[in-house]
Amino acid sequence: MSDDIIDLRAFLERRSEVAAPTGTMALWGADGERSRFALPLWRVVNITRAERGIIFWRRASGDPTPRPFVVLDVARDPARLDVMAERADFGADGSTQLFDRGDQGVLVRLGVKDDREWGLLADGRVRPRELSPRDREDVLFLSGECAGLLFLRSFADEVE
């Protein structure tokens, strides 16, 4: 086991087009084991050039208001918890997993469990272009990590 400190500069150097962090980072809802969401969310935020990454849920039937589960905000402290319903809308097509909506952010469908739809939203900054195929693959891979934590480690069961 190494005693080295995790150095995120190596990740940023490999991805030279990704902007460096601004110095602010606020994490909400990531107490205890939920802290496992922090690294994949941070990577998604940087790949998408966003200011904030949110794992959220909403009822598949009934009240569709999106509710934050874990939030990583690299632009403001404390973290912004509001989730705009139109940015968190998966639409009617159940087969689409990733929605690149430009200045509205990037939305990924994580799955459904017990009448709850789960998603990951990276938003807050206008991007100059759509995600490249490589970036889309990376975002989908990292979203899969988050979905695995939600459903295989039963974090989704913690919501009442």
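1. Buried here means under 20% relative accessible area, exposed over 50%, and partly exposed in between (1.4 Å probe, protein chains only). The model is predicted: local features need pLDDT of at least 70, side-chain atom pairs count only at pLDDT 80 or more, and totals for chains, interfaces and linings use all residues. Residues are numbered from 1 along each chain as its sequence is written, and side-chain values use heavy atoms, with hydrogens and water left out.

2. The whole structure holds eleven salt bridges. The term requires a side-chain nitrogen of Lys or Arg within 4 Å of a carboxyl oxygen of Asp or Glu.

3. One of them joins E51 and R80 at 3.5 Å, N to O. E51 sits in the loop between α2 and β2, R80 in the loop between β3 (67–73) and β4 (98–100), 29 residues apart. Both residues are buried.

4. R52 and D123 form another, at 2.9 Å. D123 lies in strand β6 (residues 116–123) and R52 in strand β2, so this pair ties together parts 71 residues apart in sequence. D123 is buried at 3% relative accessible area. R52 is buried at 4%.

5. R58 and E117 meet at 3.0 Å, N to O, in a salt bridge. R58 belongs to strand β2 and E117 to strand β6, 59 residues apart. R58 is buried at 9%, E117 at 16%. Elsewhere, shared partners join R52, D82, R87 and D123 into one salt-bridge network.

6. Helices (H or I, at least four residues) and strands (E, at least two) are DSSP runs, numbered from the N terminus. In helix α2 (residues 38–47), eight of ten residues are buried, including W42 and N46.
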